[in-house]
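Hi,

Here is the structure I said I'd pass on. Have a look at it first, and then read my notes below.

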Amino acid sequence: MEKELQMFCHQCEMSAPEGCGAKGQSAGTCGKDATLSRLQDTMIFGLKGLSAYRHHASELGADTSNIDRVIADTLYFTLTNSNFNFDSHIAQLLKVGTAGVECMNLLSEAHTSRFGIPTPVKVSQNRAEGKAILVSGHNLRALELLLKATEGRGINIYTHSEMLPAHGYPELRKYAHLKGNIGKAWFDQTRLFNEFGGAILMTTNCIVPLRASCTYADRIFGYQIASTNGIQNIENDDFSPLIERAIALGDINFGCEGQTLTTGAHYKSILALAPQILDAVKSGKIRKFFVIAGCDAPGKGREYYRELALSLPQNCVILTSSCGKFRFNDFDFGFVPGTQIPRYLDLGQCNDSNGAVAVALALSEATGIALNDLPLSIVLMWMEQKAVIILLALFSLGVKKIHVGPSVPRFFNEDILNFLVKNYDLRLIGTDAKADLARFLSE
């Protein structure tokens with residue numbers, strides 16, 4: 001596996017253009033070697049994801065002072081010609097990861113305190129009617145404010161992509177006009193938004209710049225920093241322009257009846273099943289847990305994750321989060337035979353990735369099995385900054401044997417990969433999901 005990672009790294013080096021930071025030195029590093037430059041790139045990408053989670057937590061009243069200190073210290077660490085020590089760079093990255101764990105825990109507590117503990121729910125998929133607003137992104141506070149602003153206005157609210165888990169929260173689900181989910185992961189939006197005839201609100205990242213083929217420029221609205229050229233932004237939480245546009249567009253009739261998705265398996269609700277889960281593990285009814293999650297992106301290589309999920313034996317349980325779940329969440333996985341434990345557990349958004357750790361730690365404590373020896377395989381989709389902070393968070397907890405794909409980050413080089421392989425047993429997925437599955441089940 002180390003050889004495979006090194007081969008990938010060499011290909012990346014050979015294809016990288018001069019000056020892009022993937023070859024030699026990153027711009028502005030003034031003599032720092034490539035490995036340290038790349039480690040600092042990793043810090044910056046991690047901080048981007050951390051800052052997003054910190055923003056949501058702070059909006060909901062969480063004390064993020066510890067997170068803020070780590071962000072400031074890490075930015076200071078990347079100051080030109082300040083530190084040339086590899087071990088110091090690794091230590092700082094682990095501090096960022098620890099802050100990621102804390103921040104995701106803070107955000108989870110803020111969400112459950114404000115919106116209640118999610119419970120499993122079936123959500124109508126790809127069916128919209130009447131006057132409608134489609135909400136995408138991660139900002140649950142923005143969704144709540146919009147639900148309040150549209151109550152009694154005759155407007156139906158639908159979710160898209162990372163907003164799907166909102167349906168699991170009781171304080172959001174209580175609004176009768178929160179109707180269902182439309183579409184899948186973020187990258188389907190140009191086609192989907194063209195077909196969806198209502199108004200649209202983008203609350204966070206994953207907005208796609210308007211293309212020549214788009215027909216929705218006059219009915220999509222940005223929120224806070226989420227924006228692109230040619231659209232109007234919601235300011236000061238005043239949703240009046242969005243609401244007025246939805247009313248002016250009139251009734252829509254989108255999609256067809258009958259499709260549903262399941263969400264709402266927050267780790268706090270899963271831990272309530274701990275006695276049944278523990279008994280199922282001890283009796284052999286549950287053979288293994290699979291964390292199949294991450295940030296989705298276009299590409300045939302990512303069909304690997306669907307094939308993997310659908311190939312799992314009936315005595316295996318999937319824990320998922322982030323938009324990667326849309327590769328396989330249309331399938332009914334049913335229950336572990338002989339139990340009432342669902343085989344598919346949607347923990348929520350990417351910021352809810354801490355849920356998988358909470359479940360694993362609880363299982364470790366109950367069984368006395370060390371965290372890295374649990375019957376658990378972690379298989380992550382690689383995409384962007386939030387994936388970086390999640391990976392660093394896992395490393396900071398000492399989690400090993402993480403499988404990533406379809407590729408590893410381009411800002412890792414051979415030295416970094418060798419370190420991660422040696423110290424964390426980082427692995428790259430293959431191209432054959434069923435072959436990998438046989439290996440996962442044997443580990």
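**Notes on the sheet and its helices**

Let's start with a strand pair: strand 10 (residues 288-294) and strand 11 (residues 316-320) run parallel and share four bridges. Within that pair, Phe290 sits opposite Ile318 of strand 11. Bear in mind that this is a predicted model.

Strand 10 is mostly covered, with seven of its seven residues buried. That goes for both faces: Lys288, Phe290, Ile292 and Gly294 are buried on one side, and Phe289, Val291 and Ala293 on the other.

Zooming out, there are six strands in an open sheet, ordered 12-11-10-13-14-15, with parallel pairing. Strand 12 (344-346) and strand 15 (427-428) are the edges, each pairing on one side only. Elsewhere in the sheet, strand 13 (residues 376-381) and strand 14 (residues 402-405) are parallel and joined by four bridges, and Leu380 stands opposite Val404 in strand 14.

Helix 11 packs on this sheet, where it touches strands 10, 11, 13 and 14. The direction of helix 11 makes about 155° with that of strand 13.

Now for its helix neighbour. The axes of helix 11 (residues 303-311) and helix 15 (residues 433-442) come within 9 Å and cross at roughly 50°, so the two helices are oblique to each other. Their crossing is right-handed. On the helix 11 side, the contact involves Tyr304, Glu307, Leu308 and Ser311, which meet Ala433, Lys434, Asp436, Leu437 and Phe440 in helix 15. Sorted by class, that contact has five nonpolar, one polar and three charged residues.

Cheers

Methods. Residues numbered from 1 in each chain as written. Predicted model: local features only at pLDDT ≥ 70, side-chain atom pairs only at ≥ 80, totals over all residues. Heavy atoms only, no water. Axes fitted to C-alpha atoms, helices over the stretch in contact; angles between N-to-C directions. Parallel < 35°, antiparallel > 145°, perpendicular 65-115°, else oblique. Left-handed = near helix turned anticlockwise from the far one by under 90°. Contact = heavy atoms within 4.5 Å. Nonpolar A, V, L, I, M, F, W, Y, C, P; charged D, E, K, R; others polar. Buried < 20%, exposed > 50% of the residue type's maximum accessible area, 1.4 Å probe, protein only. Pairing = 2+ DSSP bridges.
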